[in-house]
2 protein chains.
Amino acid sequence: MPHTLLIDTEPSLSYAVPPPPLTLRQMRATCTDCAMQQLCLPMGLEKADKNLLDKIIRNRHRICRDESLYQIGDPFKNLYAVRFGHFKTYQINASGKQQITGFQMAGDLLGLDAIGASRYQNEAVALEDSEVCEIPFAGLDTLFGHAPGLLHNFHKMMSQEITREQNVMLLLGTMRAERRFAIFLDNLSSHYMRRGRCANTFQLRMSREDIGNYLGLTNESISRLFLRFKQHGWIKADKREVHLLEPDVLKALASGTKSCLPI
Amino acid sequence: MPHTLLIDTEPSLSYAVPPPPLTLRQMRATCTDCAMQQLCLPMGLEKADKNLLDKIIRNRHRICRDESLYQIGDPFKNLYAVRFGHFKTYQINASGKQQITGFQMAGDLLGLDAIGASRYQNEAVALEDSEVCEIPFAGLDTLFGHAPGLLHNFHKMMSQEITREQNVMLLLGTMRAERRFAIFLDNLSSHYMRRGRCANTFQLRMSREDIGNYLGLTNESISRLFLRFKQHGWIKADKREVHLLEPDVLKALASGTKSCLPI
DNA sequence: CGCGGAATTGAAAATACTCAAAATTAGTGG
DNA sequence: CCACTAATTTTGAGTATTTTCAATTCCGCG
């Protein structure tokens, strides 16, 4: 399973050199073979339907760190499925400041918010060198009539996106910073678990600033939260490497059952 | 246009008596006649497609104030389009507290978050005596193959729901309370405008507590914000009746361009 | 080795919360 | 229609958490 290997491998941390060009086999990667099948549009589809999908997905792109996949206001043409790597999406509010609306990883679909207005409502930026499948929406649309299973999956993914965002609202509606942070870590953990990665050890792909922005807190607060959680022995954290030592305590904090004093 | 009249009329404020049973004509109300056409699933459809939709929408329900339309975990069967009235949807977080995820009014679709998991992820409660169209999702699904325009509208509405929620995230990511509150009022205003109502004068349908919950603030804070905005002369507010006297100032506050001192 | 962005730390200031009490309003029944 | 009760809203004072602003350290990268 060469593709599994490819995806589970953490990309190198040296971002100085541009990523190597795709090999032919990578370019030819199909939904049929993709390791993200179970999370992405082809989930559970019959071979024939997956082949239809493979026919319209002509392009897979490498996006380098800090490069943007699309910008706010760009006319909507494609959805993008993340093959590997991480992205952040953000809007610009009226006073020009960014607000991060989500972090996306392998198996996630980018651009769903653009369908309604025919323009992208967010900017999507790669947090590391990443790869996406370009899914022309017009093509997808024509498939819907022929592959009901695909249409179901699409509706499922849109609906899940709505649910996911409601959960973020749940997070942001929570007032205490320690709780927001615990929810954030717990969410990350379960995302990695669902993707077959280790749930308790991972590399953060985003800066403290980004985390703060996402959680409605300052980067200083994030820094202090890391310290506090480390001092309590709940996590080990060195730079962007994080180990959850007491996932249950984090869950308790996240649920509001438990709380901790500052300092 | 009898239906327009029906919808534009503010429901009586005396909630003691149960709403009168629907008249026959109200029961027979069709998408073809509905005043919410331009915002709801039938927007821009040809007559034939609207008729298809009318065939599957058999039931329209009156929901009394404080009654719930569906509960968290109920198996997903129907979407509901709000015909008139107001709803709130909320989730219950792990420690058992409510978090309001949205307020819905005429033309909005309820239940989109349930498609992915086949169960409702929220509870939807009427904030006043309201009426909804019951849209069986199985039926809608069978129409998709025959009415591409309908499918487009459905995708558009789902996508808009995603965008709407991202805007709430934008709101909640904002740290200062006065700004959250200004955004809240401004959003309400534009919702009413889009529905052909007066943008600057409206009745709040939700309690201070609900507003606070939605905005991640306490009801005391909401109370003080009302006072502050009134003292500045930006709004007039008596109980739940609100007049926006300086909508531009509110917009400036919402955008972060302007800010005001406490007291 | 040195530069620059990111992260950390400290101290002061400010905003929003908590708790408690009072006032107002909505809903009920006589 | 009025009076009564419960619920919501307002107000006040004190507290706590988080932000700000500034200075420092750390680290990756040329």
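**Notes on the A/B interface and the cores**

1. First thing I looked for: salt bridges between chain A and chain B, and the count is zero. Keep in mind that this is a predicted model.

2. What does the side of chain A that touches chain B draw on? β5 (98-105), α4 (137-144), α5 (148-173) and α6 (177-194) of chain A each put in at least two residues. The largest share comes from α5(A), with 19 residues. By type, that side of chain A splits into 17 nonpolar, 19 polar and seven charged residues.

3. Polar contacts do turn up across the interface of chain A and chain B: the rule finds 19 residue pairs, with both partners at pLDDT 80 or more.

4. In residue terms, 43 from chain A are in contact with 44 from chain B.

5. The largest nonpolar core has 78 residues, and the ones with the most contacts inside it are L41, L140 and F154 of chain A, plus L41, L140 and F154 of chain B. Take L41(A): leaving aside neighbours within four places in sequence, L41(A) is in contact with L53(A), L109(A), I135(A), L140(A), L150(A), N153(A), F154(A) and M157(A).

Terms used. Residues numbered from 1 in each chain as written. Chains lettered and ligands numbered in written order. Predicted model: local features only at pLDDT ≥ 70, side-chain atom pairs only at ≥ 80, totals over all residues. Heavy atoms only, no water. Contact = heavy atoms within 4.5 Å. Salt bridge = Lys/Arg side-chain N within 4 Å of Asp/Glu carboxyl O. Polar contact = N/O pair within 3.5 Å; in protein donor to acceptor, adjacent residues only side chain to side chain. Helix = DSSP H or I, 4+ residues; strand = E, 2+ residues; numbered from the N terminus. Nonpolar A, V, L, I, M, F, W, Y, C, P; charged D, E, K, R; others polar. Core = buried A, V, L, I, M, F, W, Y, C linked by side-chain atoms within 4.5 Å. Buried < 20%, exposed > 50% of the residue type's maximum accessible area, 1.4 Å probe, protein only.
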